Amino acid sequence: MPVELLVQALLNGFALALVYVLVALGLTLIFSILEIINFAHGEFYMLGGYVTYFAFAVFGLSYVPTLLLAIVVVGLAGVVAERMIFRHLRGKTLNAFIVSLGLLWVIQSGAQLSFGVLDKSVPSAFSGILRAGGIIISVERFVVILAAAGLIAVLYTFLQWSRLGRAMRAVAQDADGAALQGVNIEVISMLGFAIGCALAGAAGGLLAPVFAVSPAMGALPVVKAFIIIIVGGMGSLPGAVLGGLLLGTVEGIGALFFGSAAVNILGFLMVIAVLLVRPRGLFGVA
Amino acid sequence: MMKGQRHPGWGLMLAVVLLLGVAGPAPAAEKVLEIGVLGPLSGGAASYGVELVRGAEMRADEIDKAGGLKVGGDVYKIKLITYDHKASAADAATAANKLVFQDKVKYIIGNAVGATCNAVQTVTEPQKVMFAFVCWGTKNLGPDKPYSFRSMLSQWEAAEPFYRWMKEKRPAIKKVAVISPNDTSGLDTNTAVVKAAKGLGFDVVSEETYERGTKDFYPVLTKILAQKPDLLDVAAAPPGEAGLILKQARELGFKGAKGWTAGVNPATLVSIAGVQAAEGVWSPVNINVKSDFVDAKVRKFGEEYEKRYKEVPGVIAVANYGAFDVFTKAMQEAGSIETEKVLAALTSRPYDTVWGKLVIGAKETYGIDRQFLYPVVISEIRGGKTVDIEQVLPAALKALQK
């Protein structure tokens, strides 16, 4: 098999995996701070897609402000969800699981009723193709890679060095201890949930022009995000990035050898293997 | 008898006679005929379901506006019962059970996506429920399924004349790549396309499948385009996914010819793929309701549909409208809504429908005459619009017309 084909396959896998890492990071951030697994997280990704559709495709706003708008709007939706629902469920994993499933259906059905069931096309924000030898990537996907990598770097910087980021990490490690040190748990929970949802909104905004938007579009990214988190380790940012890159590699190369229909199976096989060998994931803490 | 005394019975009889004279015969009792419509109304194949429901609604409303469906001595108002199965076979079986056992329907007019039809037939055939669908797959029709009808041409009727046309009119095309979803209708379409293409001497260099709902086709396209095909046939891909495949193929540098053997609803394909990536797509199944190639009744249907739904109908809407029309006409012909009698009436002669003279045939392919047959119109997408370029006949229709 030509090397160019392998490199192309890897590039194909990485481009989307980085976006799914954004979704996974939001999910893992929310889990770390509120100890809940938000199954409706894909619906926030979908909301990001629809904000992009309306702002960019319908009202003609340019793309970068549109993406920022998607991040802000979905972040605010996260604030509402946390204030109204999830703050009451902090630490109640099972209750939150059931409620988030319900929220998933409510948001998805609401989108179906409001926006219709058909796919809505978002025009390409960036046209053209980049070539390097036999390797090809559209400018649109290249921008998606850069934007996703940039957002991951911003999140890392924020969590690592900002006062609020440190407070979030403190709450994630020991909420009671953080509260004793004067950290306002409620504010941090709200902020963590909002940032988690905003990341999903950014992912939706980035991929809306690449694919299309539909009420059911959140299902696939959230499944990929769970694979990434389980492989990388729950609550670990470097783990999520590594999990995403591994998933991209497996899916990109796997599609070449086993066909695209087998790609989803390969992701789950990877999850099974990791859970058997290292149940806490590659970077997870026992 | 005293003079001037009247017999009281005469007055009463006169009143009855007058009343009968004014009112005529006793009015037929108005009843309700419940008809099921299934389809994917959400997810990637939702456009199929939406068109199925709209096609049925159009005909049902016409019937009701005309005073109802007169069958024998009864007049029926039509009530549609619609369920969304999300293109899932399991959900389709559940919906069929609901329709047949809970809603007690005897007719299901409308369904799409092959695997869901198989699931529905496990309920409809034993219960002798008549079932019209647009699903593709050889196994959906057969002597063991006498109550099932396909109301739209399938790949088995369309692929051969389509590739024959290509061989004659586009001789530069030698290498063909085919991609479809990996379910019943997708696999069956790939089989039909490959058989037709190979039979006509084309070199099929790639035959790929994918999971329905896939959004990223870069991996599979990388594999396909490495074979350098002259033609990429997005055979059974639904419009949204076909649009994504063509958009991404263009991003990966594909500049060859594009086919869509199962192509329906080109407007959705164009909206997803973009005008440039959709340019030049040929389809033998698609229909342009504004074209001179189609029957005047199709054009009229298209105008009414566009007025009502603000969209141009695709072939599935026309097919389900036609199926509804044929089934209800057969009920009138049979003078009954009993499925056995309607079945006998339906298969006895051609019906004048939206397609023109509709023949139900193709026994040589399926072992039973249950396929609606009408001419194939090959269309091309040009500047985002569908343009019809040639009309050809499916082999089964050709054979019947000889």
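Reader: How many salt bridges does a search of the whole structure find over all chains?
Author: This is a predicted model, in which local features need pLDDT of at least 70, side-chain atom pairs count only at pLDDT 80 or more, and totals for chains, interfaces and linings use all residues. Residues are numbered from 1 along each chain as its sequence is written, chains are lettered from A and ligands numbered from 1 in the order in which they are written, and side-chain values use heavy atoms, with hydrogens and water left out. A salt bridge is a side-chain nitrogen of Lys or Arg within 4 Å of a carboxyl oxygen of Asp or Glu. Over all chains, the number found is 25.

Reader: Which side chain meets that of A:Glu251 in a salt bridge?
Author: Side chains of opposite charge can pair when their charged atoms come close. A:Glu251 lies in helix H10 (residues 237–258) of chain A, and its partner, 27 residues apart, lies in helix H9 (residues 219–232) of chain A; helices here are DSSP runs (H or I, at least four residues) and strands likewise (E, at least two), numbered from the N terminus. With an N to O distance of 2.5 Å, the partner is A:Lys224.

Reader: What area do chain B and chain A bury between them?
Author: The contact, meaning heavy atoms within 4.5 Å, takes 29 residues from chain B and 28 residues from chain A. Buried area is the accessible area (1.4 Å probe) that two parts lose on being put together, summed over both. Carbon and sulfur atoms carry 59% of a total of about 2,400 Å².

Reader: Which residue of chain B forms a salt bridge with A:Arg141?
Author: Between chain B and chain A the count is four salt bridges. In the one that involves A:Arg141, the closest N and O atoms are 4.0 Å apart, and the partner is B:Glu251.

Reader: Which element gives the largest share of the side of chain B that touches chain A?
Author: Helix H2 (46–65), strand E8 (203–210), helix H7 (218–225), helix H8 (239–251) and helix H9 (266–273) of chain B each supply at least two residues of that side. The largest share is six residues, and the element that gives it is H8(B).

Reader: What is the volume of the largest cavity?
Author: Rolling a probe the size of a water molecule over the atoms shows where empty space is left. On a 1 Å grid over the protein atoms alone, a cavity is a set of points where a 1.4 Å probe fits but cannot get out, and lining residues have an atom within 4 Å of a point. The largest cavity is lined by 15 residues, with B:Tyr48 and B:Trp136 among those nearest its centre. Its volume, the space filled by probe spheres set on grid points joined across faces, edges and corners, is about 160 Å³.

Reader: Which residues of chain A line the second largest cavity?
Author: The second largest cavity has a volume of about 70 Å³. H2 and H8 of chain B each supply at least two residues of its lining. Residues of chain B in this lining include B:Gly43 and B:Thr268, while chain A gives A:Leu118 and A:Asp119.

Reader: Which helix gives the largest share of the lining of the second largest pocket?
Author: A pocket is an open set of points with protein on both sides within 12 Å along at least five of seven lines. About 770 Å³ of space lies in the second largest pocket, which is lined by 34 residues, including A:Thr28 and A:Ser32. The largest share is six residues, and they come from H1(A).
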